[in-house]
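Here is a short tour for someone meeting this protein for the first time. Take a look at the sequence and the fold, then read on.

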Amino acid sequence: MTAQLIDGIALSKQLRTGIAQRAAVLQAQGTQPGLAVLLVGDNPASQVYVRNKVKACHENGLHSLLEQHPASLSEAALLSRIAALNNDPTIHGILVQLPLPAHMDAHRVIEAISPAKDVDGFHVASAGALMTGTPGFWPCTPYGCMKMLESIGCNLRGKHAVVIGRSNIVGKPMALMLLAQSATVSICHSATPDLAAITRQADVVVAAVGKVNLLTADMVKPGAVVIDVGMNRNAQGKLCGDVDFAGVSQVAGWITPVPGGVGPMTITMLLMNTLQACEQASGQPAAA
Ligand code: NAD
């Protein structure tokens with residue numbers, strides 16, 4: 001079998017067209033959706049990520065405020081910037097790029113963001129909303145994975161979905177989203193003794209670990225849907241995921257590539273969350 005590709009660039013393009021249209025409606029009514037991006041320090045990867053997020057805002061009719069602070073910024077000063085942005089009516093989403101410098105408590109910083117503007121979906125209130133199935137912002141990466149599954153018409157009801165990785169930003173929320181769609185969900189992690197025995201049962205596998213070639217063809221059931229969240233560099237320095245794409249694509253039914261898979265979807269869902277935050281602030285009914 002040769003798997004069909006789930007193209008994150010094409011799906012993003014389609015979703016971003018809809019986002020830009022909805023942003024134009026809001027702007028015509030006098031409110032342009034706005035995202036504040038706070039970067040502390042000079043981590044090169046973080047600088048690339050924030051640049052891509054800001055660029056995507058501008059290309060799709062959202063405005064963005066990029067604040068770059070030195071690594072020496074005090075936590076108190078950062079909290080005071082967040083407080084100001086919480087009260088700024090032109091800003092609908094606030095994103096603090098992680099990781100933060102070691103002298104800051106990332107949890108305390110994220111908790112300072114108003115849940116109404118928590119477009120990364122990392123606040124405890126957002127996590128609680130996801131857990132209880134009440135309205136709130138979903139973390140962008142697993143939200144993007146769900147959109148990819150939806151795009152191929154994957155009905156998760158009764159399917160066995162296996163999530164590899166249990167982080168707060170990908171693995172755990174991914175498992176909750178799959179569960180909410182009535183999948184039977186297994187969460188595997190670094191202490192799982194026989195990963196392959198579990199992944200071989202999966203109709204859907206989401207790999208979110210950060211290890212090159214973690215998932216190989218012998219670990220995948222023929223026809224399974226494979227979503228690769230991983231972002232790694234291989235020995236040649238090339239960007240790659242957690243999945244041995246060449247091998248697994250011979251077995252799986254559907255597969256996401258890296259690059260061009262989950263990565264662009266993550267930014268697209270950030271735009272979506274910011275748009276929804278703006279619509280909610282403007283008193284508009286929630287759209288799908
Ligand atoms: P993390 O380091 O917080 O979590 C990794 C998880 O993998 C842990 O829960 C750990 O238990 C598990 N793990 C480690 N070794 C394992 C093994 N041998 N078998 C099974 N599980 C194992 O990472 P994260 O923040 O969740 O990110 C995971 C990957 O996804 C990274 O490569 C990251 O760069 C990538 N990522 C990509 C995007 C995107 O937009 N494409 C967004 C976020 C994260």
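## Ground rules

For sorting residues, Ala, Val, Leu, Ile, Met, Phe, Trp, Tyr, Cys and Pro count as nonpolar, Asp, Glu, Lys and Arg as charged, and the others, Gly among them, as polar. By that scheme, the shell around the ligand holds nine nonpolar residues, 10 polar ones and two charged ones.

This is a predicted model, where local features need pLDDT of at least 70 and side-chain atom pairs count only at pLDDT 80 or more, while totals for chains, interfaces and linings use all residues. Numbering runs from 1 along each chain as its sequence is written, and side-chain values use heavy atoms, with hydrogens and water left out.

## Around the ligand

How many residues surround the ligand? There are 21, and the closest are Arg-166, Ser-167, Lys-211, Met-231 and Thr-266. Helices here are DSSP runs of H or I with at least four residues, strands are runs of E with at least two, and both are numbered from the N terminus.

Now for the polar contacts, meaning pairs of N or O atoms within 3.5 Å (within protein, one must be able to donate a hydrogen and the other to accept it, and residues adjacent in sequence count only if both atoms are side-chain atoms). Ser-167 puts a polar side-chain atom 2.5 Å from an oxygen atom of the ligand. Met-231 uses its backbone instead, with an N or O atom 3.0 Å from a ligand oxygen. A polar backbone atom of Val-229 sits 3.4 Å from a nitrogen atom of the ligand. Taken alone, the ligand exposes 860 Å², and the protein buries 72% of that; such areas come from the Shrake-Rupley method with a 1.4 Å probe, and for residues only the protein chains shown count as cover.

## A strand covered on both faces

Is strand β7 (residues 204-207) covered on one face or both? Both: Val-204 and Val-206 on one side, and Val-205 and Ala-207 on the other, are all buried. Buried means under 20% relative accessible area, exposed means over 50%, and partly exposed is in between (1.4 Å probe, protein chains only).

Two strands pair if DSSP finds at least two bridges between them. Strand β5 (residues 160-164) pairs with β7 in the parallel sense over four bridges, and Val-162 has Val-205 of β7 as its bridge partner. β7 also pairs with strand β8 (residues 225-228), again parallel and over four bridges. There, Val-204 stands opposite Val-225 of β8.

## One aromatic pair

Rings of Phe, Tyr and Trp (its six-membered ring) pair if their centres lie within 6.5 Å; planes under 30 degrees apart are stacked, over 60 edge-to-face, and the rest tilted. The count comes to one pair. Trp-138 and Tyr-143 have ring centres 5.4 Å apart and planes at 75°, so this pair is edge-to-face. Trp-138 is partly exposed at 25% relative accessibility, whereas Tyr-143 is buried at 11%.

Where are the cis peptide bonds? One joins Leu-98 and Pro-99, with omega about 0°, and Pro-99 lies in the loop between β4 (93-96) and α4 (106-111). Another runs from Val-258 to Pro-259, with omega near 0°; Pro-259 is in the loop between β11 (254-255) and α10.

Asn-213 has a positive phi of about 60° although it is not a glycine. Asn-213 belongs to the loop between β7 and β8.

Notes: Near = heavy atom within 4 Å.
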